[in-house]
Amino acid sequence: MNGRRRMIAAAGIFLLGSLIVSGVPEARVQETPPASVKPAAATAPGQETPAAPRPARERMAVYVLLAWVWLSIAVLFGLLRLRVREADRVFRMGFDRAAEKAPKGPGY
Amino acid sequence: MNVLRAWIEERLGLRAVALFLEKKEVPRHKHTFLYYTGSSILLFLAIQTVTGVLLAFYYQPTLAGANASIVRIMTEMPLGWLVRSVHSWSATFMIAIVFVHLLGIAFTKAYRKPREATWVTGILLLGASLAFGFTGYLLPWDELSLAATKVGTDLPKALPVVGAWLTLVMRAGEDVTGDTLSRFFIFHVSVLPLAVLAFLAVHLFLVQRHGMSVPLEEERKGVKGPVLPFWPNFAFREAGVWLVLLGLLMTIAVLAAPGIGPQADLMAPAPEGIKPEWYFLFMFQMLKLFPARVLGLNGELVAVLIMMAGMAALLLLPFIDNRPFERKGKVITALAWTGLAYAIGMSIWSLL
């Protein structure tokens, strides 16, 4: 049980770590600009500002980030499924109810 | 670690909560999936709070700064566009799941005795969520948001006696101006979150107090059906649902990030194609189609009164449908289905 917990924790840390190391900095390929006070938009007046990042590299980095997110979700989902199966099996076997009904020791 | 755990336990007494969760049971039936909607709403509320705080660091609720600060968030802040997109899409997800949650409760008649107060607090939470959407729509301060807010705040004017005063209070003046923007911002980040916290605390307390309701047909059987322990069986399943929803949210936020229109001009005429958020579309379409005069009365007034009557009926539904097992209950269910079909039909019509 402890071994599995350790494995889940290690997998979680690995995924989170790799996500931070590879995804986020890549998405920030553009250096953070100094906080500017200019209120003007980057586009001409009267024009809509598109939302998604325009540089191809930054766009690619966002898709990499998205792929990492889904990969992490798939792994965590698999681990959760194992835990759910185990919990359901324990419940079906009635271990939890048996523990409640177990006779208590002297002094109780 | 054990020392720390004991220290925390001595001060907070969390064992009682853990014991409660271990004993808590979730009924198993064909509508069990509806139980996941409540916690999913909380998940999106948490995302809204986090992304909202991040946006508030840079947003300026002034005439000159509102639109420009959002453009700055989207173009200059690292991943600012994504934070804004997640905020916007999680609002959509949250309200969509709120509707599913509400409809699930309405059609399984889970509001019946003794859960009337749970329903009432739920409707108040729905109202607060819609108010979040309405106030948040103006904050980008672009042409569309200004025009839509003008239409939205103009509606109460049709009401006799209090109508003009309500519009004045909402707009902080005769017209939509910079004062309206400040007022909407304060409501969006301060008044509404406090209201939601208060309603949510009561709602969650009542949900725990009465336990999860079973559908009418299950209750009719008169025997206790199969259950699932909340911890860990149900909680892990819920976590799986959260993960999938998070993935969907991230995907849509990346692929369909919302842009922002040109800065609003108070003197400019209303642009073409004004549309409110999707959850107000049916009201918008209804107002558009309503004749100018109905039985000698102002058509807009009649439309507003019908909408208000609908909202009052929704709020008081558990008291109106007080005999859900009988014929009256069936008639109310049929009416609810008709209302739902009408709202969906009107929304689709508005989009065409």
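Q: Why does B:Trp141 count as buried?
A: The call rests on a neighbour count: a residue is buried if 20 or more other C-beta atoms lie within 10 Å of its own, exposed if 12 or fewer, and partly exposed in between, with C-beta atoms placed from the backbone. B:Trp141 has 26 such neighbours inside 10 Å, so it is buried.

Q: What kind of model is this, and how are its parts numbered?
A: This is a predicted model, in which local features need pLDDT of at least 70 and side-chain atom pairs count only at pLDDT 80 or more, while totals for chains, interfaces and linings use all residues. Residues are numbered from 1 along each chain as its sequence is written, and chains are lettered from A and ligands numbered from 1 in the order in which they are written.

Q: What is the predictor's confidence in chain B?
A: On pLDDT, the predictor's confidence in each residue from 0 to 100, chain B has a mean of 91, and 100% of its residues reach 70 or more. The model itself scores ipTM 0.79 and pTM 0.83.

Q: What makes a set of residues a nonpolar core?
A: The members must be buried Ala, Val, Leu, Ile, Met, Phe, Trp, Tyr or Cys residues, joined through C-beta atoms within 7 Å. The largest such core here has 54 residues, and B:Trp141 is among those with the most contacts inside it, as are B:Phe44 and B:Ile70. Helix H2 (56–93) of chain A gives two or more residues to this core, as do several helices of chain B, including H5 (80–107) and H11 (230–255). H5(B) supplies the largest share, 11 residues. A second, separate core of seven residues includes B:Tyr111 and B:Trp119.

Q: How do you know what counts as a helix, and how many are in chain A?
A: Helices (H or I, at least four residues) and strands (E, at least two) are DSSP runs, numbered from the N terminus. By that rule chain A has three helices and zero strands.

Q: Which residues make the contact between H5(B) and H11(B)?
A: Contact needs C-beta atoms, placed from the backbone, within 7 Å. Those involved include B:Val86 and B:Trp89 of H5(B) and B:Leu249 and B:Ala253 of H11(B).

Q: Where are cis peptide bonds found in chain B?
A: One joins B:Lys113 and B:Pro114, with omega about 10°; another runs from B:Trp231 to B:Pro232, with omega near 0°. B:Pro114 lies in the loop between H5 and H6, whereas B:Pro232 is in helix H11.

Technical notes: Two residues are in contact if their C-beta atoms, placed from the backbone, lie within 7 Å.
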